[in-house]
Amino acid sequence: MAATATLATATEPGGAEPPAKRRLALLRSGKALTGVLIFGSFVLLAVIGPYIAPDDPSKTGGPVLQSPSADHLLGTTQSGQDVLSQILVGARTSMLVGFVAATFATALAVLIGVTAGYLGGWADEALSMLTNIFLVIPALPLTIVLTGYLKDGGWFPIAVVISVTGWAFGARLLRAQTLSLRNRDYIKAARAVGERPWRIITVELVPNLGAIIISGFLFTFIFAILTEASLSFLGLGSLTTWSWGTTLYWAQNSSAFTTGSWWWYVPPGLCIALVGASLSLINFGADELLNPRLSPAARRAKRKERRAAAAAAAAGKDGVR
Amino acid sequence: MTQVRFLFRRIAFYAVTAWAAITMNFLIPRLMPGSPADTVLSRFKGQVSQAQVDAVKAQLGVSDKSLMSQYWTYWDNLLHGDLGVSVSYFPGRVSEVIGQGVWWTVVLIGVATLVSFVAGTLLGVLAAWKRGSRLDALLPVTTFFSAVPYFWIALVSLSVFGVELGWFPITGGYRPELQVGWSGEFISSALSHSVLPALTIIVSSIAGWLLGMRNMMLTTISEDYVLVAEAKGLRSRRVMLGYAARNALLPNISGFALSLGFIVSGSIVTETVFSYPGIGFLLFNAVLNNDYPLMQGIFLIITLMVLLANLIVDLCYVLLDPRIRQEG
C-alpha cells in the first residue's frame, strides 16, 4: 500500500517545529479558526445557558404555538413553553453528554490502543480483536438495547453507554500510531535504561500521540452528541432533563413537522449540526496542517509545478524525473 | 493461495465477532439492573401457560440453573431459529415478527447505500480533479450535512417534500389498503413511500464517501504515474478515471466496513420518523413497549447482517486488489 504509507509518514506528529508554534499554525487555518470560534461559543452557551434562559423551559401556560416574537425570540411550543429557554438549558445537557462520553471513550481508547500497540504479541492480538469487534458491531442498536434496560436514569448512564460503544475507532488509530513509534530510537533508549513499560507508555508515548488523541476526542464528541440526540428524539433518553434531542422529541410528538411550526424544530437541529460541523472543521484544519498534501497552498504549488513539468515533457524535453 | 488465506482470516474474524455479539446478547439482560422478566410477565398475565412463563424466564435470565446451562439452552434455541415470543405482538414469535420487517430494511438500506456510495465516490473524484473550481463549494455543504443528525434531515424532508409540497407520502411503507405482493400497484406504492427515507440516508451518508475519495485522489494525483499519463497526452478524463481514481478507490471500499454500522444506525432512526415497516421501526416500538425478547432478537439480526455485508465487501476487495492475490 504505497499510497497509505506515504500518507502515514506525512501525518506523523512531532516535526521540527515546537508545539506552541504548531498550535498557532492551527489557528491560522481559516477552517480551524471558524471551527474553534463556533465550538467555543457553544461551550460558553453550555456554561451560562441555564442562567441566561429567559424562562423555565418546562413552564407551560404561555401563548400556544407562537411564531418568534419579541416576547419569545424563538416562539413557543404547543403547551406554551419558551423554545429559546429549552435550547439554552438543553445546550448544557447535550454538550455535557458529548464531553463526558468523549472523555471516557478517549481514556478507553488510549488504554486499549496504546497498550496493544506497545506490548505487541498476544496482548496485541487479543486487544485488536476486541477493538475490531466493537468497530463492526453497529453502535446505535447496541446503545438502544443497553439504554432500553436503563430507562429513567438521567443523562449520565447514557453518556457511559455511548462511551462503551464509541471507543473503538480511536483505539484503532492509536494502536497503528503506537506501532510506528515503538521502534523509534528514544523509545529504545528508554527501554535500554530500564524504564518500566507503564512509564514508557505514559511519559514517552502518550505525549507524542497528542494530535491523534485530540482528533479522536473530537470525533467521539460529535458521535456522542448525535447519539444522545437520536436517543432523546426516540424518547429513549431522559425525558426529565432538557436536551436538544428532548425538544425535538416533543416537537415530533406534537406533529410540529406537519403543522409547519418550524421555529420549534429548526433551532435544536441547527445547534446539533453547528457543533458537529465546527468539530469537523477543527479536524480538517488539523489534518491539513499535519498532511501538507491537503493544504490549499501546497496544492496550488504542486499543481503549478506539475503543469510546468507536464508542459516540458509534452514539448519533448526531459521533464519527467 | 494468499487470497485464500486472507479470506480464511476474515471469515474467522467474523465468526468470532458473531460469537461475541451472540454472547453479549445473552449476557446483557442478565447483567443489567432491574428485572426485565417481571415486566414481560406482568404483561403476559393470564394469557400464557406455565411452559411459556418458564420459557420467558429462561430467555431473560430468571432461572435457578447455572449460567453455563442457560447459555447452552440459549444456543440450542438460537440454532433452531427460536428467538422467543414477542410481548407486543403476542402470541407472535420474534423470528416471525423480524421476518416481516427485515426485507423492507434490507432493500431500503441496500439501494440507498449503493446510490450514495457510487454518487459520493464520483463526486469525490470530480472534486479532487477540479479542485479550486466551484466544486469546492461541495465540501462545506457536505460537511454540514454529515454533521446533521439523520433524523433531522428526515424530519425536514418530511415536512418540506411530504407536507408542504405533498410530493411523497410521509408515513408507512405502502398504502395500507393494498395487499403485500408483486402487483404493479403495490410496487409503485412501495416505491413512492421509500423515496423520502432513501433520500435521507443518501444525503446524510454521501459526505463520507465524497471526502474520503477526494482526499485519496489528492494523494494519487501527485503520483508520478499520473504525471506520466498526463505527459503522454492522454485525455484528461482517462487520466482521471483510469489512473488517479482507480488507484484511490480501494481505501474508500475498505472504509465501507466502518461506515456501514453508522449508516445502519442512522437508518433505524430514519425508519422511525417515517414509520417505515422495517426492523428499525420495530426496534423502536420494542423498546417503547418493553418488549425485551424482540429488542434482543433485532439487535442480533442487525449485527449478523452487518457482518455478512462486511464479508461481502471483503470478497469484493480480494477481487479488486491484485496485491492481496499476489503477495499477502
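Visitor: How many of the 8 residues of helix α9 (residues 185-192) of chain A are buried?

Guide: A residue is buried if 20 or more other C-beta atoms, placed from the backbone, lie within 10 Å of its own, exposed if 12 or fewer do, and partly exposed in between. Helices are DSSP runs of H or I with at least four residues, strands are runs of E with at least two, and both are numbered from the N terminus. Helix α9 of chain A is hardly covered, and its count of buried residues is 0.

Visitor: What kind of model is this?

Guide: Residues are numbered from 1 along each chain as its sequence is written, while chains are lettered from A and ligands numbered from 1 in the order in which they are written. Local features need pLDDT of at least 70, side-chain atom pairs count only at pLDDT 80 or more, and totals for chains, interfaces and linings use all residues, this being a predicted model.

Visitor: Which residue just after α9(A) takes a positive phi?

Guide: Most residues other than glycine have a negative phi. Just after α9(A), a phi of about 85 degrees is taken by A:Gly194.

Visitor: How many helices does chain A have?

Guide: Chain A has 321 residues, and 45% of them are buried. Its count of strands is 0, and its count of helices is 15.

Visitor: How do α4 (residues 83-119) and α7 (residues 155-166) of chain A lie to each other: parallel, perpendicular or oblique?

Guide: Axes are lines fitted to C-alpha atoms, for helices over the stretch in contact, and angles between N-to-C directions run from 0 to 180 degrees. These two axes are 8 Å apart, at an angle of about 40 degrees. Angles under 35 degrees count as roughly parallel, over 145 as roughly antiparallel, 65 to 115 as roughly perpendicular and the rest as oblique. The angle therefore makes α4(A) and α7(A) oblique.

Visitor: How many residues of the contact of α4(A) with α7(A) are nonpolar?

Guide: Two residues are in contact if their C-beta atoms, placed from the backbone, lie within 7 Å; here the contact includes A:Phe104 of α4(A) and A:Trp155 of α7(A). Ala, Val, Leu, Ile, Met, Phe, Trp, Tyr, Cys and Pro count as nonpolar, Asp, Glu, Lys and Arg as charged, and the others, Gly among them, as polar. The contact has no charged residues and 3 polar ones, and its nonpolar residues number 12.

Visitor: Is the crossing of α4(A) and α10 (residues 197-205) of chain A left-handed or right-handed?

Guide: The axes of α4(A) and α10(A) come within 11 Å and cross at roughly 115 degrees. In this contact A:Val114, A:Thr115 and A:Tyr118 meet A:Pro197, A:Ile201 and A:Leu205. A crossing is left-handed if the near helix is turned anticlockwise from the far one by less than a right angle, and right-handed if clockwise. The crossing of α4(A) and α10(A) is right-handed.

Visitor: Is A:Thr178 buried or exposed?

Guide: A:Thr178 lies in helix α8 (residues 168-181) of chain A. Leaving out residues up to four places away in sequence, A:Thr178 touches several residues, among them A:Val114 and A:Leu205. Because 26 other C-beta atoms lie within 10 Å, A:Thr178 is buried.

Visitor: How far apart are the end C-alpha atoms of α5 (residues 121-136) of chain A?

Guide: The expected span of a helix is 1.5 Å times one less than its number of residues. The 16 residues of α5(A) should therefore span 22 Å, which agrees with the separation in the model, 23 Å.

Visitor: Which helix gives the largest share of the side of chain B that touches chain A?

Guide: The contact takes 53 residues from chain B and 50 residues from chain A. By class, the side of chain B has 35 nonpolar, 16 polar and 2 charged residues. The largest share of this side, 10 residues, comes from α10(B).

Visitor: How far is B:Tyr89 from B:Ala286, C-alpha to C-alpha?

Guide: B:Tyr89 is in the loop between α4 (67-79) and α5 (94-129) of chain B. Because B:Tyr89 has 18 C-beta neighbours inside 10 Å, it counts as partly exposed. B:Tyr89 and B:Ala286 are 197 residues apart along the chain, but their C-alpha atoms are separated by 9.4 Å.
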